[in-house]
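Please read the following points with the sequence and the model side by side. They are meant as a colleague's notes for someone meeting this structure for the first time.

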Amino acid sequence: ITDAGDLVLAAHAGVADAVATAAQRLELGQAVCGSVARDLVPAHLTDIQASDDPRASFVRAAGVTAYACTPLTVGDRVLGTLSFGRRGDIAFTDDELSFLRTISSYVAMATERLRSEAAVASSEALLAAIGASSPDLIYAKDRQGRMLYANSATLAVLGKTEAEVIGRTALD
């Protein structure tokens, strides 16, 4: 989900590019996925080709006969949706729907973990840039007094290299 609240298609398989392009960006409430993202309620559409459900136009155009869409959430935050369609059978079984919900929860957790790791890396890079450019002495020690970080100003005052101070105490 973008900052504007739109769903953006991240990947697709088994669907013509023209159909995927038509569903590239959906507003919350638009089509099946937009409704699922807005309402946080999984959807299972059956016998789509015989259905007149207006939300199903994208998947109907793809020749899908059964469609399941689940929200990807972490806590109360919506990350997006995960959809599965099939051609042939007009419905998913209860076991298949349960499996799809399980897969969706794993995808949500993995997506959140990647987002969190990227945020940590960005913060670390920012802090390193601040430390490297500061003329002030900036350093960090653990509870045992071992040096965890020392910027170049600190190293210059100590007259030591990073290798000589990181992981060591003042008594080493």
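1. L127 has its place in helix α4, where helices (H or I, at least four residues) and strands (E, at least two) are DSSP runs, numbered from the N terminus. L127 is exposed, with a relative accessible area of 57%; here buried means under 20% relative accessible area, exposed over 50%, and partly exposed in between, with a 1.4 Å probe and protein chains only. Together with L126, I130 and I138, L127 makes a nonpolar surface patch of about 370 Å². Patches are made of residues with over 30% relative accessible area and no salt bridge, with like charges joined within 9 Å and nonpolar side chains (Val, Leu, Ile, Met, Phe, Trp, Tyr) within 5 Å, and accessible areas come from the Shrake-Rupley method with a 1.4 Å probe, only the protein chains shown counting as cover for residues.

2. A word on the model and its conventions. The model is predicted, so local features need pLDDT of at least 70 and side-chain atom pairs count only at pLDDT 80 or more, while totals for chains, interfaces and linings use all residues. Residues are numbered from 1 along each chain as its sequence is written, and side-chain values use heavy atoms, with hydrogens and water left out.

3. Three strands form an open antiparallel sheet in the order β3-β4-β5, two strands being paired if DSSP finds at least two bridges between them. Because β3 (43–45) and β5 (77–86) stand at the edges with a single partner strand each, one side of each is left without a neighbour in the sheet. From one strand to the next, the twist averages 15 degrees. β3 pairs with β4 (residues 66–74) over three bridges, and within this region H44 stands opposite A68 in β4.

4. Helix α2 (residues 31–39) packs on the sheet and touches β3, β4 and β5, its direction making about 35 degrees with that of β4; contact means heavy atoms within 4.5 Å. Helix α4 (residues 94–133) also touches β3, β4 and β5, with a direction about 140 degrees from that of β5. Axes are lines fitted to C-alpha atoms, for helices over the stretch in contact, and angles run from 0 to 180 degrees between N-to-C directions.

5. How much of α2 is covered? Seven of its nine residues are buried, namely A31, V32, C33, G34, S35, V36 and A37. What covers them includes β1 (7–8), β2 (25–26), β3, α3 (57–61), β4 and β5. L40, which follows α2, has a positive phi near 60 degrees.

6. Strands β6 (residues 139–141) and β7 (residues 147–150) run antiparallel and are joined by three bridges, with Y139 opposite A150 in β7. Five residues lie between the strands of this hairpin, in which G145 takes a positive phi near 85 degrees.

7. Eight salt bridges are found in the whole structure, a salt bridge being a side-chain nitrogen of Lys or Arg within 4 Å of a carboxyl oxygen of Asp or Glu. R25 and D6 form one of 3.5 Å, N to O; R25 lies in strand β2 and D6 in the segment before β1, so the pair ties together parts that are 19 residues apart in sequence. R25 is partly exposed at 48%, whereas D6 counts as buried at 18%.

8. In helix α4, E117 and R113 are four residues apart, which means about one helical turn separates them, and their closest N and O atoms are 2.8 Å apart in a salt bridge.
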